[in-house]
Amino acid sequence: MFRKILLFASAAAMAAITVTAALAYEVPDQIVLTRPKGNQALNTWITPVKFPHGFHAIRRACRDCHHKESDKTLGQFVACRQCHTDDDPNEASGFYRAWHSPGPPSCLGCHTRMRTEGGKNPVGCTTACHRPKK
Ligand code: HEC
Ligand code: HEC
Ligand code: HEC
């Protein structure tokens, strides 16, 4: 019985810490996704991608995308580009796959899946994401 109470108390303490940490960052509204230093584009027509982050953050859970976020990281929300740096398109932890892997949390993975459920999620390479430079 005593053990149960202790566990409950520490769970409550953890929740309090998470809430405090949650106030320590700002949720960006608009982001332009940038290539990490030294990473080579796979093609010349690839332009930087504008990402309406706030739009997504009110529709989906943070962890749907920030997949390494846990109670242990206490809301650090490390940018994808800090880990996903490799320019090999076949590398799961590389830059390309973070946005294009067939399953979520990649952009294309989630959008493709949601379209099969009737969503209007854009998926065109140059119409939705890599818009040609004017
Ligand atoms: C649809 C996917 C998605 C959702 C949902 C999402 N994010 Fe993000 N978030 C991203 C991407 C992509 C970036 C850009 C990372 C990069 O530039 O490498 C980002 C960046 C951030 C950054 C800036 C990180 C930095 O150091 O530049 C913070 C903070 C953040 N998100 C917090 C949140 C919080 C809090 C939530 C939930 C309320 C959330 N995000 C929901 C995908 C998402
Ligand atoms: C702390 C480092 C780290 C951060 C931050 C991170 N990732 Fe990852 N990611 C990885 C690693 C490592 C893998 C390889 C599989 C695994 O260990 O989970 C991976 C795998 C993936 C995959 C699966 C790729 C595949 O084809 O199997 C996707 C998609 C992905 N990450 C997207 C993202 C997005 C989007 C963000 C930011 C919102 C992000 N990751 C943030 C380290 C990270
Ligand atoms: C976990 C799921 C998920 C991920 C991952 C995701 N999206 Fe989305 N995205 C959505 C949803 C849901 C919508 C709204 C679809 C609708 O209106 O039917 C959306 C819509 C959009 C729109 C259209 C916005 C508008 O004003 O209508 C853009 C642009 C977009 N996403 C870009 C991205 C980019 C770039 C990434 C990767 C960095 C990404 N998304 C990752 C779920 C996701």
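This is a predicted model: local features need pLDDT of at least 70, side-chain atom pairs count only at pLDDT 80 or more; totals for chains, interfaces and linings use all residues.

Trainee: Why is the site of the iron atom of ligand 3 called octahedral?

Mentor: Six donors count as octahedral if opposite donors are over 155 degrees apart and all others between 65 and 115. The iron atom of ligand 3 has 6 donor atoms, with angles of 87 to 180° among them, and its site is therefore classed as octahedral.

Trainee: What makes H56 and H111 protein donors of this iron atom?

Mentor: A donor is an N, O or S atom within 2.8 Å of the metal. The NE2 atoms of H56 and H111 lie 1.9 to 2.0 Å from the iron atom of ligand 3, so both qualify. The pair links distant parts of the chain, since H56 belongs to helix α2 and H111 to helix α6, 55 residues apart.

Trainee: Why is H111 called buried, and why is H56 called partly exposed?

Mentor: Buried means under 20% relative accessible area, and exposed means over 50%. H111 has 14%, so the residue is buried. H56 has 22%, which falls in between, and is therefore partly exposed.

Trainee: How do you know that H56 and K120 make polar contacts with ligand 3?

Mentor: A polar contact requires a pair of N or O atoms within 3.5 Å. An N or O atom in the side chain of H56 is 2.8 Å from a nitrogen atom of ligand 3, and a backbone N or O atom of K120 is 3.0 Å from an oxygen atom of that ligand. In the shell around ligand 3, α6 gives the most, with 4 residues.

Trainee: Are F95 and W99 buried or exposed?

Mentor: The limit for buried is under 20%. The relative accessible area is 9% for F95 and 14% for W99, so both residues are buried.

Trainee: How do you know that K68 and R97 make polar contacts with ligand 2?

Mentor: The limit is again 3.5 Å. An N or O atom in the side chain of K68 is 3.2 Å from an oxygen atom of ligand 2, while a polar side-chain atom of R97 lies 2.4 Å from an oxygen atom of the ligand. Both pairs therefore count as polar contacts. Two or more residues of the shell come from each of α4 and α5. By class, that shell has 8 nonpolar, 6 polar and 2 charged residues.

Trainee: Which residues come nearest to ligand 1, and what makes H66 a polar contact of ligand 1?

Mentor: Of the 20 residues around ligand 1, H53, C62, C65, H66 and R81 come nearest. A polar side-chain atom of H66 lies 2.8 Å from a nitrogen atom of ligand 1, which is within 3.5 Å, so the pair counts. The shell around ligand 1 draws 3 residues from α2, the element that gives the most.

Notes
Residues are numbered from 1 along each chain as its sequence is written. Chains are lettered from A and ligands numbered from 1 in the order in which they are written. Side-chain values use heavy atoms; hydrogens and water are left out. A polar contact is a pair of N or O atoms within 3.5 Å; within protein, one must be able to donate a hydrogen and the other to accept it, and residues adjacent in sequence count only if both atoms are side-chain atoms. Ala, Val, Leu, Ile, Met, Phe, Trp, Tyr, Cys and Pro count as nonpolar, Asp, Glu, Lys and Arg as charged, and the others, Gly among them, as polar. Donors are N, O and S atoms within 2.8 Å of the metal (3.2 Å for Na, K and Ca); water is not among the atoms, so sites may look incomplete. Four donors count as tetrahedral if all angles lie between 85 and 135 degrees; four count as square planar and six as octahedral if opposite donors are over 155 degrees apart and all others between 65 and 115; anything else is irregular. Buried means under 20% relative accessible area, exposed over 50%, partly exposed in between (1.4 Å probe, protein chains only). A residue is near a molecule or strand if one of its heavy atoms lies within 4 Å of it.
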